[in-house]
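Biologist: Please take a close look at one helix pair and its surroundings. I would like the geometry, then the contacts, then the setting in the chain.

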Amino acid sequence: AADSASWTIFAHPTFAEGRNQARSGNCNLQEDFVAQQKVYDHFADIYDLIMVENDGYMGPKILADETAILLGDKTTAKILDVGSGTGLSGDEILKKGYSCIDAFDSSKPSCEVAQKKGVYERIFLS
């Protein structure tokens, strides 16, 4: 069992945005989740190519930079990457020298892509 009390948890901006929309009543959380899940599942194998190489997505690098600012030289801190997807953020965090990274995501195909990268110690699928 995971010792969640010892994790430093980073949630992606899209997670926080979705939470705020749900609180304001501007979305149907269940319908939006199902629709979004289908997209992530369908594009898991090419997500990195689409987002990083074609669109220049900088979210993972920004998250890793913020992680380094927050944690400094605590490179053995346990980090939980919430909404980890294909492991883009985990990979950037690993490049900063942090090696105790776990992942949490709801897309099985995305988790399978992340598993192949070897970035995370453990991957939790919801």
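Modeller: The axes of H4 and helix H5 (residues 88-95) come within 8 Å and cross at roughly 40°. Helices (H or I, at least four residues) and strands (E, at least two) are DSSP runs, numbered from the N terminus. Axes are lines fitted to C-alpha atoms, for helices over the stretch in contact, and angles run from 0 to 180 degrees between N-to-C directions. H4 and H5 are therefore oblique to each other; angles under 35 degrees count as roughly parallel, over 145 as roughly antiparallel, 65 to 115 as roughly perpendicular and the rest as oblique. The crossing of H4 past H5 is right-handed, a crossing being left-handed if the near helix is turned anticlockwise from the far one by less than a right angle, and right-handed if clockwise.

On the H4 side, the contact (heavy atoms within 4.5 Å) is made by Pro60, Lys61, Leu63, Ala64 and Thr67, and on the H5 side by Leu88, Ser89, Glu92 and Ile93. These residues divide into five nonpolar, two polar and two charged. Here Ala, Val, Leu, Ile, Met, Phe, Trp, Tyr, Cys and Pro count as nonpolar, Asp, Glu, Lys and Arg as charged, and the others, Gly among them, as polar.

The model is predicted: local features need pLDDT of at least 70, side-chain atom pairs count only at pLDDT 80 or more, and totals for chains, interfaces and linings use all residues. Residues are numbered from 1 along each chain as its sequence is written, and side-chain values use heavy atoms, with hydrogens and water left out.

In H5, the buried residues are Leu88, Ser89, Gly90 and Ile93; buried means under 20% relative accessible area, exposed over 50%, partly exposed in between (1.4 Å probe, protein chains only). They pack against helix H3 (47-54), H4, strand E2 (78-82), E3 and helix H6 (108-117). After H5 comes glycine 97, with a positive phi near 105°.

Leu63, Ala64 and Ile93 also belong to the largest nonpolar core, which has 12 residues. Such a core is a set of buried Ala, Val, Leu, Ile, Met, Phe, Trp, Tyr and Cys residues joined through side-chain atoms within 4.5 Å. Helix H4 (59-71) and strand E3 (101-105) are the elements that give two or more residues to this core, and H4 provides the largest share, three residues.

As for the chain, six helices and four strands follow the pattern β-α-α-α-α-β-α-β-α-β. Of its 126 residues, 30% count as buried.
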